[in-house]
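Please open the structure in your viewer and keep the selection tool at hand. The tour below goes from stop to stop, saying what to select and what is there.

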Amino acid sequence: MTTSASTSAASDAGQSTKRVLLAAPRGYCAGVDRAVVSVERALELYGPPVYVRKEIVHNKHVVTTLEKRGAVFVEETDEVPEGATVVFSAHGVAPVVHDEAKALSLKTIDATCPLVTKVHREAVRFADGDYDILLIGHEGHEEVIGTSGEAPENITLVESPDDVANVEVRNPDKVVWLSQTTLSVDETMETVRRLREKFPALQDPPSDDICYATQNRQLAVKQMSPDCDLMLVVGSRNSSNSVRLVEVAIDHGAQDGHLVDYADEIDEAWLEGVRTVGVTSGASVPEILVRGVLDYLAERGYADVTAVRAAEESLIFSLPKELRKDLKSAGMDDKMKHDAASTEDAGQLH
Ligand code: SF4
């Protein structure tokens, strides 16, 4: 599904005109939206403080905005006072974290993205079948820690194609690969290719583990990159899918690429001699931050904005069931509903 649409009257200006190519889709995915709304609704329902284990999503702006409203971010479950309410982040947690919360009598709201939960279930199922599971992902990332915790005895982490040479399994006839949801599609396929060379019986996951949002954002960047002198990706450094977008842009022909949390992190020197700037944002980034970057560019002559749409997205997840149940009992709306004042997510520009 590939279309391009011009959204600017100025787009037919001469070749020397400075312009912006704006990726679509970009920004919030269904899992991030659900996780952020879960914290907002929990604050409305229970009142502050609502504890959140780890950053609810990997975005500085979202975290600081929720903090101002009364969310308290902690690193570990034992930092939450006994009996308090804690939200688990979109990246998911290992079963041991649920046990810790139970031991402290915490009220838990699990905002793990359903697409991460799907990978957890796959891990459990293949471990039950005594498979060796080769999990492609980044060591130390919260999602990888959570998934590995489902079947630590069966899972081996494979970080990159170069890692494959060192991978060993118990039985090469019973091996499956799974992956983190936010990886580069191309690099992951290269890792799988090398794994399959080594273990010809390697099984694929039942369905794609790299999620639709990661794939679509990379697809848009791939389309735009050959035309871009510079790619600006709005996102935080600890956001895996945002970091991947910069790498994908460079791999597919963008001359230069940078990750910025806010417009004021853009270095004027990056724009020297640049005619076409590509702009996109990671799956945890509110649209207000992209708007800031577009305003910054418009002030410097890049007012001609053309949207490059690689896919349509309409997925919405319902809120975590424990939260829906409590909202319903309190006579409150239990549907997904964004509090724009909290995240300043003013929706899509185009
Ligand atoms: S990036 Fe994908 S897996 Fe992660 S929260 Fe969004 S939809 Fe879920």
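**Around the ligand**

Select the ligand and the 15 residues around it; Cys29, Gly31, Cys113, Thr181 and Cys211 come nearest. A residue counts as near a molecule or strand if its C-beta atom, placed from the backbone, lies within 6 Å of it. Two or more residues of this shell come from each of the elements α1 (30-46), α4 (114-128) and α7 (212-224). The element that gives the most is α1, with 3 residues. Helices (H or I, at least four residues) and strands (E, at least two) are DSSP runs, numbered from the N terminus.

Colour the shell by residue type: 10 residues are nonpolar, 5 are polar and none is charged. Here Ala, Val, Leu, Ile, Met, Phe, Trp, Tyr, Cys and Pro count as nonpolar, Asp, Glu, Lys and Arg as charged, and the others, Gly among them, as polar.

Before going on, note that this is a predicted model: local features need pLDDT of at least 70, side-chain atom pairs count only at pLDDT 80 or more, and totals for chains, interfaces and linings use all residues. Residues are numbered from 1 along each chain as its sequence is written.

Now select Cys29, Cys113 and Cys211, which UniProt lists in an unreviewed entry under "binding site". These three span 183 residues in sequence, yet no two of their C-alpha atoms are more than 10.4 Å apart, so they gather at one spot. UniProt positions are given in the numbering used here, feature names are shortened, and annotations may be inferred rather than shown by experiment.

Centre on Cys29, in the loop between β2 (19-24) and α1. Is Cys29 buried or exposed? Cys29 is buried, because 30 other C-beta atoms lie within 10 Å. The cut-offs are 20 or more other C-beta atoms within 10 Å of its own for buried, 12 or fewer for exposed, and partly exposed in between, with C-beta atoms placed from the backbone. Leaving aside neighbours within four places in sequence, Cys29 is in contact with Ala213 and Ala283; contact means that the C-beta atoms of two residues, placed from the backbone, lie within 7 Å.

Move to Cys211, in the loop between α6 (185-198) and α7. Cys211 is buried too, with 25 other C-beta atoms within 10 Å. Apart from residues up to four places away in sequence, Cys211 touches Leu115 and Thr181.

**Glu143**

Next select Glu143, which the unreviewed UniProt entry annotates as "active site". Glu143 sits in helix α5 (residues 142-148) and counts as buried, with 25 C-beta neighbours inside 10 Å. Which residues does Glu143 touch, not counting those up to four places away in sequence? They are His91, Gly92, Val116, Gln180 and Thr181.

**Tyr302**

Go on to Tyr302, in the loop between α9 (287-299) and β13 (304-309). Tyr302 is buried, having 22 C-beta neighbours inside 10 Å. Its contacts, leaving aside neighbours within four places in sequence, are Lys18, Arg19, Val20, Val277 and Leu297. For a distance to check, pick the C-alpha atoms of Tyr302 and Glu247: 23 Å separates them, and the two residues are 55 apart along the chain.

**The whole chain**

Finally, zoom out to the protein chain, with 11 helices and 13 strands. The C-alpha trace spans about 65 × 55 × 35 Å along its principal axes. Of the 350 residues, 47% count as buried. Among contacts between residues at least 6 apart in sequence, 76% join residues at least 24 apart.
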